Amino acid sequence: MCNALVGCLLMPHPAVGFVAFVWMAVLTTLWARIPTIVFMRVLFAEVTFLLVSVIGITMSIQLSPPSDALFAWSAVGMWVSVSAESFELALMTFARALGCATALNFLILTTPLVDIIELIRRIRIPDVLIEIMVLLYRSIFVLLDSLIRIATAQNARLGYHNMWSGFRSSAMLGSQLFLVAYRRSQRMRVALESRGLDGPICVVASRYTKDNRVWVLNIALTVSLCAAWFLL
Amino acid sequence: MRNRIVILLVGVLTLVLLESRPAYAMHVMEGFLPPLWALVWFAVAIPFWAFGLRKITRLVHEQPEMRMMLGLAGAFAFVLSALKIPSVTGSSSHPTGTGLGAILFGPAVMSVLGTLVLLFQALLMAHGGLTTLGANAVSMAIVGPLIAWSVWRLFHTRLPMWLVVFFATSLANLSTYVVTSLQLALAFPDAVGGFVASFAKFGTIFAVTQIPLAISEGILTVLIMNALQQNAQAELHTLGVVRGEN
């Protein structure tokens with residue numbers, strides 16, 4: 001996955017991005033057996049967003065008629081044009097982002113966060129940060145649970161039936177959530193202190209096994225990306 | 001006939017734009033920036049991270065219980081960004097929460113905490129990305145909180161609180177959008193008008209959704225701060241947000 005990410009970034013050619021996209025799509029759906037619907041749904045949201053952003057890159061607006069453009073429209077005294085150069089740049093960006101995004105999706109859909117945190121620990125990030133990350137990850141779900149329950153209760157009482165009451169309800173929700181977070185942290189402190197905590201929080205890491213197939217796949221991926229870059 | 005198709009296309013595009021923008025807020029997507037610019041923004045962010053990290057290490061060293069507090073604060077920021085807020089345009093959207101975070105915890109802590117939140121957003125919800133983490137951190141975890149905190153610090157003793165909070169958070173939200181436009185414009189200068197034209201272009205694209213959003217976030221944060229003042233006086237006092245009476 002890292003290969004694809006780095007490969008897409010460093011080799012500026014649309015083909016590299018598309019090759020990486022195909023690789024990652026196949027790996028996610030066939031090898032990791034992520035349901036195709038889940039994969040497509042995540043992808044769809046990203047692609048719409050990407051298309052909108054890329055359109056911004058292709059078009060340029062000016063007051064005089066453009067000299068060398070693929071397309072040009074005029075409206076209310078201004079010219080909107082698409083030049084060959086900017087079109088190429090946009091295609092490039094689209095392919096790169098598509099390749100990178102599917103690579104990231106592969107990581108997201110296959111790897112639990114605990115394993116990612118373990119990986120980060122191995123590259124020697126300060127301990128304080130790791131601890132905060134572990135606590136943060138755990139707390140997200142605790143708070144999310146509170147958030148959903150409060151929001152459901154508010155909804156059941158028509159708390160969001162118009163804009164203004166929506167604002168009021170969101171504000172109540174936000175401030176209550178702050179209190180929940182604060183009190184949780186106090187209780188966790190008490191709980192940990194009463195168990196004698198006075199230093200960093202240590203957690204036993206799970207064991208990992210080596211798998212040679214991963215290396216084979218990695219090499220194949222890198223070679224195909226390089227091939228796409230050299231041949232096209 | 002051709003005109004009709006054009007009108008239809010424009011309509012569909014606007015809809016897609018308005019619908020997809022707020023959900024993704026101001027995150028620069030994974031792989032969107034060229035490698036050079038991705039690196040540049042990491043380089044810009046590193047001094048702030050180092051400073052914030054030193055501050056956090058000192059805090060944790062002095063008060064070990066700050067660990068839990070920071071973890072929960074990060075989770076609070078994350079969950080807040082998942083909260084749907086009503087927007088003044090009628091649709092609903094998500095707050096960035098950076099302004100509130102900066103007022104409650106200070107910009108140094110927010111620079112690190114905000115980055116962690118961004119990392120989690122990238123890994124859990126595919127918002128933003130790993131290679132664009134630097135750029136996103138500069139716009140959302142560094143510049144936004146700094147502005148909110150400066151406004152708050154300068155005026156919170158002189159003007160009514162709701163006004164200061166409103167301006168601090170809406171300006172933080174707006175600055176996030178200006179910085180992101182700047183980042184995109186630097187990475188993709190316009191073929192015709194260069195950097196300035198490109199900045200104007202990205203600025204206008206974002207302005208459609210972002211200005212009402214900044215106002216909404218301002219209003220919402222004022223309401224949250226009011227509610228906090230009523231319900232959480234003691235807690236705010238411990239954090240050093242309000243001084244005096246208590």
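Predicted model: local features only at pLDDT ≥ 70, side-chain atom pairs only at ≥ 80, totals over all residues.
Residues are numbered from 1 along each chain as its sequence is written, chains are lettered from A in the order in which they are written, and side-chain values use heavy atoms, with hydrogens and water left out.

**View 1. Chain B and its elements.** The secondary structure of chain B comprises 9 helices and 2 strands; helices (H or I, at least four residues) and strands (E, at least two) are DSSP runs, numbered from the N terminus. Along the sequence the order is α-α-α-β-β-α-α-α-α-α-α. Of the 246 residues in chain B, 58% are buried, where buried means under 20% relative accessible area, exposed over 50%, and partly exposed in between (1.4 Å probe, protein chains only). Chain B exposes about 10000 Å², and carbon and sulfur atoms supply 71% of that area; accessible areas come from the Shrake-Rupley method with a 1.4 Å probe, and for residues only the protein chains shown count as cover. Among contacts in chain B between residues at least 6 apart in sequence, 70% join residues at least 24 apart; contact means heavy atoms within 4.5 Å.

**View 2. Chain A and its elements.** Chain A has 8 helices and 3 strands, and from the N terminus on they run α-α-α-β-β-β-α-α-α-α-α. Buried residues are 42% of the 232 in chain A. The chain exposes about 13400 Å², of which carbon and sulfur atoms supply 68%. Helix α5 (residues 113–122) of chain A has A:L113, A:I116, A:I117, A:E118 and A:I120 as its buried residues. After α5(A) comes A:R124, with a positive phi near 60°.

**View 3. Helices α2 and α5 of chain B.** Two packed helices are described by the angle between their axes and the distance between the axes. The axes of helix α2 (residues 35–62) and helix α5 (residues 107–125) of chain B come within 7 Å and cross at roughly 105°. Axes are lines fitted to C-alpha atoms, for helices over the stretch in contact, and angles run from 0 to 180 degrees between N-to-C directions. The two helices are therefore roughly perpendicular to each other (angles under 35 degrees count as roughly parallel, over 145 as roughly antiparallel, 65 to 115 as roughly perpendicular and the rest as oblique). Residues of α2(B) in the contact include B:F48, B:W49 and B:F51, and those of α5(B) include B:A108, B:V109 and B:T115. By class, this contact has 9 nonpolar, 3 polar and 1 charged residues; Ala, Val, Leu, Ile, Met, Phe, Trp, Tyr, Cys and Pro count as nonpolar, Asp, Glu, Lys and Arg as charged, and the others, Gly among them, as polar.

**View 4. Helices α5 and α6 of chain B.** The axes of α5(B) and helix α6 (residues 133–155) of chain B come within 9 Å and cross at roughly 145°. The contact includes B:M110 and B:L118 of α5(B) and B:M140 and B:W149 of α6(B). Its residues divide into 12 nonpolar, 4 polar and no charged. In α5(B), 17 of the 19 residues are buried. Just after α5(B), B:A126 takes a positive phi of about 60°.

**View 5. The surroundings of B:T221.** B:T221 lies in helix α8 (residues 194–231) of chain B. This residue is buried, with a relative accessible area of 4%. Leaving aside residues up to four places away in sequence, B:T221 touches B:L100, B:V165 and B:T169.
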